[in-house]
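Subject: Handover of a structure

Dear colleague,

Please find below the structure I am handing over to you. My findings come after it.

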Amino acid sequence: MSQIDRTDRRIIAALQRDGRIAVTTLSEAVGLSANAVAERMRRLQRDGVITGYRAILSPRALGLGLTAFCEIKLDRTSADIFEEFAAAVREVEAVEECHMVAGGFDYLLKTRHTDIEAYRAFLSNALLALPGVRETRTYPVMESVVERGGAAFS
């Protein structure tokens, strides 16, 4: 992995703000030639620092007005059940993020739904049907204060 210097950090921060920024505009912002910036971007991609580019969508505009976080506790903790759960949860469309965590439960999911009725259907038809799920706790989001859509880096 390459060293990330101050200029790389400025490039990364600018790309996080606007992944479609023109290389020429970015080069002006960081004080390098367009070729130098393009080469740094290729190196950052090659080294796995930049893993991709994507469109950030508005859940509300897509009719997904309810965000819910779900704690999942599995009935046992073994490599095979972790693998089964992970494989199955990747296939559930309403799951935006899934993280294995340390503490009082095993996984934390960020989910999106049209409304509370859609969440209830998701809970009964998808979440509780996942392998090994023993217990769930749900936290509906009242207000999203910060959503960066990726790692914050500056």
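This is a predicted model: local features need pLDDT of at least 70, side-chain atom pairs count only at pLDDT 80 or more; totals for chains, interfaces and linings use all residues.

Overall form

The C-alpha trace spans about 55 × 35 × 25 Å along its principal axes. The radius of gyration is 20 Å, whereas a compact globule of 154 residues would have a value near 15 Å. Of the 154 residues, 29% count as buried. The accessible surface comes to about 10200 Å², and carbon and sulfur atoms account for 51% of that area.

As to contacts between residues at least 6 apart in sequence, 64% of them join residues at least 24 apart. The side chains include 20 positive and 21 negative ones, and the centres of these two sets are 7 Å apart.

Helix 2

Helix 2 covers residues 23-30, and Leu26, Ser27 and Val30 are buried in it. Viewed down the helix axis, these buried residues fall within an arc of 100 degrees, so they line one face of helix 2. Their cover includes helix 1 (6-17) and helix 3 (34-46). After helix 2 comes Gly31, which has a positive phi, near 80 degrees.

Leu44

Leu44 belongs to helix 3. Its relative accessible area is 0%, and Leu44 is therefore buried. Leaving aside residues up to four places away in sequence, Leu44 touches Asp8, Ile11, Ile12, Val49 and Ile50. Leu44 and Ala68 are 24 residues apart along the chain, and their C-alpha atoms are separated by 34 Å.

Asp106

Asp106 lies in the loop between strand 2 (95-100) and strand 3 (107-113). Is Asp106 buried or exposed? Asp106 counts as buried because its relative accessibility is 12%, and the cut-off for buried is under 20%. With residues up to four places away in sequence not counted, Asp106 touches Ile72, Lys73, Leu74, Thr77, Phe82, His99, Met100 and Val101. One of these contacts, Ile72, is 34 residues from Asp106 in sequence, with a C-alpha to C-alpha separation of 5.8 Å in space.

With kind regards

Conventions
Residues are numbered from 1 along each chain as its sequence is written. Side-chain values use heavy atoms; hydrogens and water are left out. Helices (H or I, at least four residues) and strands (E, at least two) are DSSP runs, numbered from the N terminus. Buried means under 20% relative accessible area, exposed over 50%, partly exposed in between (1.4 Å probe, protein chains only). Contact means heavy atoms within 4.5 Å. The arc is that of the directions from the helix axis to the C-beta atoms. The radius of gyration is taken over C-alpha atoms; the globule rule is 2.2 Å times the number of residues to the power 0.38. Accessible areas come from the Shrake-Rupley method with a 1.4 Å probe; for residues, only the protein chains shown count as cover. Lys and Arg count as positive and Asp and Glu as negative; His and the chain ends are not counted. The place of a charge is taken as NZ of Lys, CZ of Arg, CG of Asp or CD of Glu.
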